[in-house]
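Student: I have a model open on my screen and I'd like to learn how to read it. Can we go through it feature by feature?

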Amino acid sequence: MPLQSALSLDVGPEAASQVPACCSARYNLALLAFFGFFLLYALRVNLSVALVDMVEPNTSLAKNTTSNVCPEHSSTINVPRNTTGKKYSWDADTQGWILGSFFYGYIITQIPAADLGVGYLIAVRALEGLGEGVTFPAMHSMWSSWAPPLERSKLLSISYAGAQLGTVVSLPLSGLICYYMNWVYVFYIFGALGVLWFFFWMWLVSDKPETHKSISRTEREYILSSLKDQLSTQKSVPWRPILESLPLWAIVVAHFSYNWTFYTLLTLLPTYMKEILRFDAQENGFLSALPYFGCWLCIILSGQIADHLREKQNFSTVCVRKCFTLIGMIGPAVFLVAAGFIGCNYELAVAFVTISTTLGGFCTSGYSINHLDIAPSYAGILLGITNSFATIPGMVGPVIAKNLTHNNTVGEWQTVFYIAASINLFGAIFFALFASGEVQDWAVSGYHFHRN
């Protein structure tokens, strides 16, 4: 029997309406996860803004000069700038390694460690990445027990949208902190907020509905009944079928491709704003955050639309996942390439980069949660596999981009955009050809390939 039909018997719209979203345990989990990923990305991207203020201006000029193609576009700011922050003599290549070091820990502590040397700073960023690397697989694993199938797009888009809002807030706020205070406080403030969130998470969250202290009986039964035919009871992990699964490798390719563009912009957009468009560091933070604000809105809206199409319009899961992934990867590729051809038109450059990043938000309801569609019981493991490959762009992307933009010419940055767009296009096509929306037969014991 198709799973969609089975769900209509037990957990269809009628059953769901009896378990309201407001104040429910599953949506409380989504909100706490939202704030967690907010801080996760705030801690991840604050260095990309602080680094602009940490490096001596004449250091980069030796190998990475500011472009004179575009006129200075900074507005006059009357408030005196704080200049007490220590400066370091790091060239462009060193800056690229610092920005990429986070992802070396991410694939396998947030303190300002620069005084102990660039090597120590890279090591600390790698340790931070090591700590943050488990968050997405762990969250996917939790949602495999908490998210009813027809609410997956909504719940996961809410929780993961926090990452985008964290970027939105962290970029301009880090710029303001650097401008008015000192770059060291960028690390102290966000680190303290992360510790505070941790206590709330440990107090209010449970791994599964069965162990939650305050969940209602109706909601618990609704969640468990919706997942009863999708979870596996076998204790051993079917590694060989997992690694031979073509739908999994479709997610791997899409995840890798999307992250190449995302991480390139995430770590280097402040530099592009300063060196090419020539915005002031304070103004830089606000404009660098604008694309991610658009992405945050798109993630929230696309999650609602995706589940509406599946539940109300009877669109198949695979159709929704493929369509949203195509929009979220081909759209950004087009506008990213266009951004390299508008010269010094500042408004159009910001608009194109913003549209590019905004459209990428569709991927959250596309490939990004497809792990839960094909193997809910092993969603955390699958995300660990795909995220390991998808972290490689964060490791090598900033280094490659910095090496390609030593002279900071528009042509050099066009090359960076070309590479990102080409990889995005390939990933979108590969996912569209080989993705699946069905629970795989190896993922559920005693369950034979029901359609999701």
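Student: Let's start with Pro241: how exposed is Pro241?

Tutor: Buried means under 20% relative accessible area, exposed means over 50%, and partly exposed is in between. Pro241 has a relative accessible area of 31%, so it is partly exposed.

Student: What should I know about the model itself?

Tutor: It is predicted, with local features needing pLDDT of at least 70 and side-chain atom pairs pLDDT 80 or more, while totals for chains, interfaces and linings use all residues. Residues are numbered from 1 along each chain as its sequence is written, and side-chain values use heavy atoms, leaving out hydrogens and water.

Student: How many helices and strands does the protein chain have?

Tutor: Both are DSSP runs numbered from the N terminus: helices are H or I with at least four residues, strands are E with at least two. Here there are 18 helices and zero strands. Of the 452 residues in the protein chain, 58% are buried.

Student: How do I read a cavity?

Tutor: Rolling a probe the size of a water molecule over the atoms shows where empty space is left. On a 1 Å grid over the protein atoms alone, a cavity is a set of points where a 1.4 Å probe fits but cannot get out, and lining residues have an atom within 4 Å of a point. Grid points are joined across faces, edges and corners, and the volume is the space filled by probe spheres set on the points. The largest cavity here has a volume of about 320 Å³. It is lined by 21 residues, and those closest to its centre are Tyr41, Phe136, His255, Tyr258 and Ser368. Helix 12 gives the largest share of the lining, five residues.

Student: Where does the largest cavity lie relative to domain 1 and domain 2?

Tutor: Domain bounds come from an automatic or database domain assignment. Domain 1 (21-57 + 83-228) and domain 2 (234-451) both give residues to the lining, so the largest cavity lies between them.

Student: And what about the phi of Asn314?

Tutor: Most residues other than glycine have a negative phi. Asn314 has a positive one, near 60°, and sits in the loop between helix 13 and helix 14 (317-339). Asn314 is exposed, with a relative accessible area of 62%.

How values were computed
Buried means under 20% relative accessible area, exposed over 50%, partly exposed in between (1.4 Å probe, protein chains only). On a 1 Å grid over the protein atoms alone, a cavity is a set of points where a 1.4 Å probe fits but cannot get out, and a pocket is an open set with protein on both sides within 12 Å along at least five of seven lines; lining residues have an atom within 4 Å of a point.
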